[in-house]
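Hi,

Here is the structure I promised to pass on. Have a look at it first, and then read on for what turned up in it.

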Protein chains: 2
Amino acid sequence: MTLKELSDMLGLSPTTVSRALNGYPEVNETTRARVQAAAAKHGYRPNSRAKGLATGKSMVIGHVIPSSSQHEMVNPIFGDFVAGAVKTYTEHGYDMMFTNADDTSIEEAYRSLFQRGAVDGVVLQGPKVNEHRISVLSKMSVPFIVHGRSTGVDLPYDWIDVNNKSSFLRATQFLLDLGHRRIALINGLEDMDFAQRRRDGYLAALAQAGIAPEPNLMRSAEMTEVYGHHETRTMLALDDPPTAILISSMISAIGVRRAIDEAGLQMGRDVSVIAHDDDLSYLKNGQDVPIFTATRSSVRKAGEIAANMLIERIKSPDAPTKTRLLEAELVVGRSTGPAPNRY
Amino acid sequence: MTLKELSDMLGLSPTTVSRALNGYPEVNETTRARVQAAAAKHGYRPNSRAKGLATGKSMVIGHVIPSSSQHEMVNPIFGDFVAGAVKTYTEHGYDMMFTNADDTSIEEAYRSLFQRGAVDGVVLQGPKVNEHRISVLSKMSVPFIVHGRSTGVDLPYDWIDVNNKSSFLRATQFLLDLGHRRIALINGLEDMDFAQRRRDGYLAALAQAGIAPEPNLMRSAEMTEVYGHHETRTMLALDDPPTAILISSMISAIGVRRAIDEAGLQMGRDVSVIAHDDDLSYLKNGQDVPIFTATRSSVRKAGEIAANMLIERIKSPDAPTKTRLLEAELVVGRSTGPAPNRY
DNA sequence: ACCGCAATCCAAAGCGCTTTGGATAGATGT
DNA sequence: ACATCTATCCAAAGCGCTTTGGATTGCGGT
């Protein structure tokens, strides 16, 4: 069912039918009602490609998934962020498009998406320190939003981020207040911007307390369960093991917990644990009492907000850049307690 | 940069340029080389909407994410399935599109996607028993593939599924062989087809062993960590608690493990556990020795295969339907052991 | 020298929609 | 009664591409 078929059927011109359906004023209200009724009856839906060609908009927003050639790691927060975003997109009439690109061609992927006219804007996820993609998108002068920020990039750009530094600063202080002195950090990959900020917060808190950071207690890698387990196991076997561990992800925290159990220790008594909790829908941090003491910030909500900000940007490309910094809340669960009196 | 601009620049007609770039034979090879060089140099990329309009294809494949209004549960396997699929799509020149729909309008969402000409095919995920969407898509005579199957739907359709029944049959037999008699099943939502098949396998094994199923030991809900924890806790508090637990998801298995620990029991000695492992990239089941004994089947690979099958279907819409049944492997880890001699 | 054929190229139509620039007719104003 | 609006509708162009149906040229064959 095309516009022309519908208009023939109604004895009207395509022009009028188009206007009737798109809410233009130059059409009689009774005619409009007739048109709408017929459109509904026959299930007419304008072809989005034709519409896009005519209007110059695609009403699609793009996300590029990097398929790190080796690891093929799929970020576990991906699903929740997307779920938040897609909801907002749908409400505003946008569709969401994914493309996959390996690390070397990721810039090419963004360029292709735009120059083909496939999308009206993109979301940039998982920014690294000195993220190159930001300047690429900036130069293309294309609407985009960054989920996270990038230290070292001076250009103005829209972003939404959690206050990683302050939340890890606070979490570390919390542990220090409990008397812990040997606090480990199991962090994400070091070149990721969020990981660097979290480390900064951690280091700042240690510095305030006059504690020298110990490289042995600072680990970083992709945040899988197995990684958390492995690093914890290794660190607990040190001559002078940590009494508290700070972890950048709930997933890894589960591995940490497993290692603590295996070592015959008790989490919250022998070893305190604080994790960053993205509030994933399938991995709730307990129901009444949180399992882990955690710095919590919903990544789904971040997805929603990011989508809204991007849509705003698409509407007014020349508006001043906007940013949004979310504060994580510190929820206290049963995984933390006073430092054990070992000596 | 449009086709016309490029052709003007080259002193050729749009026809010839189009043909040169699309590999048609009626163009001189030296001309073709010239055109390709110019296209590369100026970064020309055909507008995909215009191309789609002209060819009648969108080169996009659609996925609909149901946002169950209440739970807003995002399936944790989602990310990996998508990662597998999008890789295949990209290789074949397809983009991937998401739409969100609440449970009531999900059928509408599929219809809209096609009638707007937004996609060339769709993937149907998470089929329920008597899945209504299958007949809807069938009637629309539209290319689609189901990830999973639907008991009660007689129509022929393409699907790829894990052999849920046989894998849970085998897992249950494995536990029975270890001497377990009170085996619990922590399953997914009952109306999901996979959950029903897994239960069938479980029940079949019990029946073979002459054991009457006990409703008290069979639970079903959305497979979160907290759910696994809660049900295990409840069951372990029974007068006659299970000695083994079968779980439909690694995520929930983590909660199960937590409950076992909290009860002061040891997994693999006091309580045996087998989980279904989708081989998620961020939740590997251990590295050398698996943590959980598990029925394993990579959902990422399923995504890849599904994508390939769908692309085949799009190419030849009238070919006979194809199906693919993957067998899960039973990997034996440290979470299972002989039934404790309690009495 | 003439015909047929292959190799190259191009003009123009068409995909389904929006939008510009009228046309038409009845209503209004003086 | 005549010019002027206003409300309503339509024809046609255009978005950027593919594709049909020729044109044109040069070559071998007779």
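Around DNA strand C there are 26 residues, and Thr2(A), Leu3(A), Ser18(A), Ala54(A) and Asn28(B) come nearest; a residue is near a strand if its C-beta atom, placed from the backbone, lies within 6 Å of it. Keep in mind that this is a predicted model, where local features need pLDDT of at least 70, side-chain atom pairs count only at pLDDT 80 or more, and totals for chains, interfaces and linings use all residues. Residues are numbered from 1 along each chain as its sequence is written, while chains are lettered from A and ligands numbered from 1 in the order in which they are written.

The surface near DNA strand C takes at least two residues from each of helix 1 (3–10), helix 2 and helix 4 of chain A, and likewise from helix 2 and helix 4 of chain B. Helices (H or I, at least four residues) and strands (E, at least two) are DSSP runs, numbered from the N terminus. By class, that surface has 11 nonpolar, 11 polar and 4 charged residues. Here Ala, Val, Leu, Ile, Met, Phe, Trp, Tyr, Cys and Pro count as nonpolar, Asp, Glu, Lys and Arg as charged, and the others, Gly among them, as polar.

DNA strand D also has 26 residues around it, with Asn28(A), Thr2(B), Leu3(B), Ser18(B) and Ala54(B) coming nearest. Helix 4 of chain B gives the largest share of the surface near DNA strand D, 5 residues.

Now for the two protein chains. How many residues of chain B are in contact with chain A? The number is 46, and they meet 46 residues of chain A, counting two residues as in contact if their C-beta atoms, placed from the backbone, lie within 7 Å. On the side of chain B that touches chain A, helix 5 of chain B supplies the largest share, 7 residues. That side divides into 19 nonpolar, 17 polar and 10 charged residues.

Strand 2 (residues 95–101) of chain A and strand 2 of chain B run antiparallel, joined by 3 bridges; strands pair if DSSP finds at least two bridges between them. In this pairing, Phe98(A) stands opposite Met96(B). The copies meet through the same surface, because 100% of the interface residues of chain B are also interface residues in chain A.

Within chain B, strand 8 (residues 244–247) is worth a look. Ala244(B) and Leu246(B) point one way from strand 8 and Ile245(B) and Ile247(B) the other, and all are buried (20 or more other C-beta atoms within 10 Å of a residue's own; exposed means 12 or fewer, partly exposed in between, with C-beta atoms placed from the backbone). Strand 8 of chain B runs parallel to strand 6 (residues 183–187) of chain B, with 4 bridges, and Leu185(B) has Leu246(B) as its bridge partner. Another 4 bridges join strand 8 to strand 9 (residues 272–277) of chain B, also parallel.

Enjoy!
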